[in-house]
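Please keep the sequence and the structure in view while reading.

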Amino acid sequence: MNQSFVNPTEEELSLVAAFRKPIWDKFQKAVRDYRLIEENDKIAVCISGGKDSMLLAVCMQRLQRYSRIPFQVVYLVMNPGYTEENIAQIQKNAERLKLPVEVFETAILHSVNQAEKHPCFLCSKLRRGALYQKAQSLGCNKIALGHHFDDVIETILMGMLYGSQIQTMMPKLFSENYENMQVIRPLYLIREQDIIQWSQAHALHFLRCACRVTQNADAPTGKRAEIKQLLQKLRAVNPAVDMNIFRSMENVNLKTLISYHIGEQRHHFLDDYAEGITNRGTRTGTGRKSSQNH
């Protein structure tokens, strides 16, 4: 059924009423500023069953209903081996939100349960591959994921503190393994707390984590949980810390970096240091390919 002929739900209408400023305006800004959606796109909205992906689906449904840019949307729910209760909860929410979801089966959780090391990394990798394959088989050229602003901030800090690198979660990027396929993140500018408030305002109950590895945990664990706790402490001292971290990725001065690389092309500040400070960092593609010893 064409979604333009489906009456909007109360949850959808609230996006342009009570939650216009924290959610809908920021959703539209991300779509517009990062050029996430283009004419004749066919986008697979990937629904995990959590609050983020469900909100993403409702936002995409609203946008398609009134957008001047013609594009198609399919709502994919991958069942990696959830319990019957979890699948029932996802389908219940989809029906309430009038989302025409398509469920497809995989055995990912079974494979993950056999892994002795890094089960979360393996699960993420297998899920992404399955989503790419399904979306491609349906003729989609983009998949939309529900990562939000807090995910971006946490990823930046995790890369610095645990990965010895400066990088961010991009609002869109091309797949390296699936030709002509892109990932987009329309919730890129939306705060997690605003998503929580939207779901609480409508008494919606979503899956927190349906993975057998973590479903019995009393609280989130791992490096990302540590970063969340660190950010909470930093906010108490500086409420603007999140935006400062985000803006830092938009204000990188290459002249102040010891080294940087674009792919395998590396540049070290000593490469052109003798030319003077006014020339440093102005050249591109002239650095060493893999040199790191100075």
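The text below moves from the whole chain to the sheet, then to individual helices and a hairpin.

**Overall picture**

The model is predicted. The protein contains 10 helices and 8 strands. Of its 294 residues, 43% are buried. Among contacts with a separation of 6 or more, 72% join residues 24 or more positions apart. The accessible surface is about 16900 Å², and carbon and sulfur atoms contribute 50% of that area.

**The sheet**

An open sheet is built from 6 strands with mixed pairing, in the order β3-β2-β1-β4-β6-β5. Its edge strands are β3 and β5, each of which pairs on one side only. From one strand to the next, the twist averages 25°. Helix α3 packs on this sheet, where it touches β1, β2 and β4, and its direction makes about 150° with that of β1. At the β5 end of the order, β5 and β6 run antiparallel and are joined by 3 bridges. In this part of the sheet, L173 stands opposite V183 in β6. Strands of a sheet pair through backbone hydrogen bonds, in either a parallel or an antiparallel manner.

**Helices with one buried face**

| Helix | Residues | Number of residues | Distance between end C-alpha atoms | Expected span | Arc of buried residues |
| α4 | 84-96 | 13 residues | 18 Å | 18 Å | 130° |

In α4, the buried residues are N86, I87, I90, N93 and A94. Viewed down the helix axis, the buried residues of α4 lie within an arc of 130°, so they line one face. An α-helix has 3.6 residues a turn, so residues three or four places apart point the same way. The buried residues of α4 pack against α3, β2 and β3. On the other side of α4, the exposed residues are E84, E85, K92 and E95. After α4 comes K98, which has a positive phi near 60°.

In α9, residues A225, I227 and L231 are buried.

**A buried glutamate**

Residue E12 is located in helix α1, which spans residues 10-13. E12 counts as buried because its relative accessibility is 0%, the cut-off for burial being under 20%. Leaving aside residues up to four places away in sequence, E12 touches V58, Q61, R62 and R65. These contacts lie within the residue range 51-66 given for α3.

**A hairpin**

Strands β7 (residues 259-262) and β8 (residues 265-268) run antiparallel and are joined by 4 bridges. Within this pair, H261 has R266 in β8 as its bridge partner. The two strands form a hairpin with 2 residues between them. In the turn, G263 has a positive phi of about 65°.

Definitions and conventions. Residues are numbered from 1 along each chain as its sequence is written. This is a predicted model: local features need pLDDT of at least 70, side-chain atom pairs count only at pLDDT 80 or more; totals for chains, interfaces and linings use all residues. Side-chain values use heavy atoms; hydrogens and water are left out. The expected span of a helix is 1.5 Å times one less than its number of residues. Buried means under 20% relative accessible area, exposed over 50%, partly exposed in between (1.4 Å probe, protein chains only). The arc is that of the directions from the helix axis to the C-beta atoms. Contact means heavy atoms within 4.5 Å. Accessible areas come from the Shrake-Rupley method with a 1.4 Å probe; for residues, only the protein chains shown count as cover. Two strands pair if DSSP finds at least two bridges between them. Axes are lines fitted to C-alpha atoms, for helices over the stretch in contact, and angles run from 0 to 180 degrees between N-to-C directions.
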